[in-house]
Amino acid sequence: MAALKYLWSPWRMKYIQNHRRDAACIFCLAAAQADSPENLIIKRGEEVFVILNRFPYTSGHLMVVPYQHTAALEALTPACRAEMMELATASIEVLKRVYRPQGFNLGMNLGEPAGAGIADHLHLHIVPRWSGDTNFMSTVGQVRVLPEELEETYRRLKEVWEQIEV
Ligand SMILES: [Zn+2]
């Protein structure tokens, strides 16, 4: 009985709701692994984490992702949404130091018709931009040519992130 009571305690229900994970979801899967160039997580906060996009649009393409597996922005707590913006800001600071981009795109594609690749688990894209990068992409057709390996990107961003926190 004691175990059953524990299982259904309000605290535990709240924990399950806030930390619901989907085994088939790449974000939930990455969050459950140790941080390395394998799972691509650069930084963990209280309710969100920062992860490298495995198929980056440009070098340094990051995503800020809540631990909560949800498609709805309104399902997140105000604290979680605030932390998303804080870690997006820190991401920009780190990317500026490492890549010196000339601009950034920040955005969410909510729902498949809006272009979400992983529609069930929302995420905020942070894409560093340089003048002419789209022209460069279009001249090479559909092939994404990247100037840097993901593992190298991971190492550089993590190193600088740790420096700004000291
Ligand atoms: Zn998920």
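User: Where is the place of Tyr67?

Analyst: Good starting point! This is a predicted model, and in it Tyr67 sits in the loop between β3 (62-66) and α4 (78-99).

User: Is Tyr67 buried or exposed there?

Analyst: For this we look at relative accessible area, where buried means under 20%. Tyr67 has 11% relative accessibility, so it counts as buried.

User: How many aromatic pairs does the structure hold?

Analyst: There is one aromatic pair. Its rings belong to Phe49 and Tyr67, with centres 5.2 Å apart and planes at 45 degrees, so the pair is tilted. The pair links distant parts of the chain: Phe49 is in strand β2 (residues 48-52), while Tyr67 is in the loop between β3 and α4, 18 residues apart. Both Phe49 and Tyr67 are buried.

User: Let's turn to the metal. Which residues are the protein donors of the zinc ion?

Analyst: Cys25 and Cys28 each give their SG atom, and His69 and His121 each give ND1; these donors lie 2.0 to 2.3 Å from the zinc ion. Along the chain, the donors follow the spacing C-x2-C-x40-H-x51-H.

User: Why is the arrangement of the four donor atoms called tetrahedral?

Analyst: It comes down to angles. Four donors count as tetrahedral if all angles lie between 85 and 135 degrees. Here the four donor atoms around the zinc ion subtend angles of 102 to 117 degrees, so the arrangement is tetrahedral.

User: What is the relative accessibility of His121, and what is the relative accessible area of Cys25?

Analyst: His121 has 0% relative accessibility and counts as buried. Cys25 is buried as well, with a relative accessible area of 5%.

User: Now charges. How many salt bridges does the count come to?

Analyst: First the general idea: side chains of opposite charge can pair when their charged atoms come close. In this model the count comes to six salt bridges. One of them joins the side chains of Arg44 and Asp35, at 2.8 Å from N to O. Arg44 is partly exposed at 28% relative accessibility, and Asp35 is partly exposed too, with a relative accessible area of 29%.

User: Which helix holds both Arg97 and Glu93?

Analyst: Both lie in helix α4, four residues apart, which is about one turn of the helix. Arg97 is partly exposed at 47% relative accessibility, and Glu93 is partly exposed at 37%.

User: And where do Glu159 and Arg155 lie?

Analyst: Those two are in helix α6 (residues 150-165), also four residues apart, about one turn of the helix. Salt bridges that share partners join Glu152, Arg155 and Glu159 into one network. Between Glu159 and Arg155, the closest N and O atoms are 3.2 Å apart.

How values were computed
Residues numbered from 1 in each chain as written. Predicted model: local features only at pLDDT ≥ 70, side-chain atom pairs only at ≥ 80, totals over all residues. Heavy atoms only, no water. Donors = N, O, S within 2.8 Å, 3.2 Å for Na, K, Ca; no water. Tetrahedral: all angles 85-135°; square planar, octahedral: opposite > 155°, others 65-115°. Buried < 20%, exposed > 50% of the residue type's maximum accessible area, 1.4 Å probe, protein only. Phe/Tyr/Trp six-rings, centres within 6.5 Å; stacked < 30°, edge-to-face > 60°. Salt bridge = Lys/Arg side-chain N within 4 Å of Asp/Glu carboxyl O.
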